[in-house]
Amino acid sequence: MSLTSRKYWDSVVAKWSATRQQELWRQHSDVVNGQLLRRWLPEDRVARLLKTDLFDEAVSNGLYSLLAKHADHFLGIDLSPGIVAAVKLRVPGLTLCAADVRDLPFGDASFDVIVSISTLDHFDSVREIQTALQELSRVLRPGGQLLITLDNLSHPVVWLRNILPQRLLLGLRLVPYRAGTTCGPRTLETYCRDAGLEVLRMTAILHCPRALAVACAYLLERFTTRRTQSRYLNALLSFERLEACPSRFRTGHYTAILATKRPGQTGSNACSRSTLKSAAIQETLTNPNKLRSKTLNKLTCRE
Ligand SMILES: C[S@@+](CC[C@H](N)C(=O)[O-])C[C@H]1O[C@@H](n2cnc3c(N)ncnc32)[C@H](O)[C@@H]1O
């Protein structure tokens, strides 16, 4: 099954939900991502915010409650209808739809802020990362902000993981799902620029030794008390101090970039989206209860 297929991600989340994997580890992931969002999101509340995948919300508390505080309208998408359905069950009332970040069903300049947490590192080719960045740039309004994280190829373990056969890694349970192509910080910066984005900040996050930390979390959540688990999470968080070191891109699992769309930039596919789509998403965002099912069906079915 292709890494980029809906069925693949449907099957990942179905298995994940049945086995309740990595709950403690996902708490850490939410905290690290949450710290970054608090630091980098605009202080003033914005009108429309898009999150490009919903895995965090499907398997854990996720980031939507934090993001919702920063925007009047939060919209979450995911390639996988199964993940969208899982989040709808967990958090009724959110505005969600199944959509592909490489071909977004939204009009140009639809969003003030876009948050993309490790979504674009699940493709088969670098070209798809570039396509997705161009799409994100297109739907971002000029002056709007994109906060993106991606597996960091400058991290030795990420590099090694990406050259080893994925079947072997999955068979040994060293990874929970297949990893996609990714790039290092400088290349990501270049791709952002090519997509008409100006990079404002760049850093690396998630500095603990991940494979070991995930294994310890697995054991601790089975055999220890909540107090011990909470101490463990605090200990993991202390690794984030490594972000202040010049070696941050060697120790941080993810590259994080905050970029803005240059005013006057329309995005590479500016003319390729219909007014209907733009109007549909506008309605969905401003009047989700009334229009959600009708509009989102339209968005979900579009291929
Ligand atoms: C395993 S997750 C990792 C992301 C998660 N935010 C994290 O940091 O752990 C990858 C997510 O991206 C979604 N995804 C993969 N390809 C996508 C695409 N082309 N468009 C939108 N979502 C996609 C998958 O369905 C899945 O929910």
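Helices, of at least four residues, and strands, of at least two, are DSSP runs numbered from the N terminus. In this predicted model, the chain holds 14 helices and seven strands. The chain has 303 residues, and 41% of them count as buried. Contacts with a separation of 6 or more were also examined. Residues 24 or more positions apart account for 80% of these contacts.

The shell around the ligand comprises 21 residues. Trp 9, Asp 53, Phe 55, Leu 79 and Ser 118 come nearest. By class, nine residues of the shell are nonpolar, seven are polar and five are charged.

Helix packing was examined for H1 and H5. Helix H1 spans residues 6-19, and helix H5 spans residues 81-90. Their axes lie 7 Å apart and form an angle of about 40°. Angles under 35 degrees count as roughly parallel, and those of 65 to 115 as roughly perpendicular. H1 and H5 are therefore oblique to each other. On the H1 side, the contact is made by Arg 6, Trp 9, Asp 10, Val 13, Ala 14 and Ser 17. On the H5 side, Pro 81, Gly 82, Ile 83 and Ala 86 take part. Six residues of this contact are nonpolar, two are polar and two are charged.

Val 91 is found in the loop between H5 and strand S3 (95-98). Val 91 has 18 C-beta neighbours inside 10 Å. A residue needs 20 or more to be buried and 12 or fewer to be exposed, so Val 91 counts as partly exposed. Beyond its neighbours within four places in sequence, Val 91 is in contact with Glu 57 and Tyr 64. The C-alpha atoms of Val 91 and Ala 58 are separated by 9.1 Å, although these residues are 33 apart along the chain.

Ala 195 lies in the loop between helix H9 (185-194) and strand S6 (197-205). Ala 195 is buried, because 24 other C-beta atoms lie within 10 Å. Ala 195 and Thr 131 are 64 residues apart along the chain, and their C-alpha atoms are separated by 8.6 Å.

Methods: Residues are numbered from 1 along each chain as its sequence is written. This is a predicted model: local features need pLDDT of at least 70, side-chain atom pairs count only at pLDDT 80 or more; totals for chains, interfaces and linings use all residues. A residue is near a molecule or strand if its C-beta atom, placed from the backbone, lies within 6 Å of it. Ala, Val, Leu, Ile, Met, Phe, Trp, Tyr, Cys and Pro count as nonpolar, Asp, Glu, Lys and Arg as charged, and the others, Gly among them, as polar. Two residues are in contact if their C-beta atoms, placed from the backbone, lie within 7 Å. Axes are lines fitted to C-alpha atoms, for helices over the stretch in contact, and angles run from 0 to 180 degrees between N-to-C directions. Angles under 35 degrees count as roughly parallel, over 145 as roughly antiparallel, 65 to 115 as roughly perpendicular and the rest as oblique.
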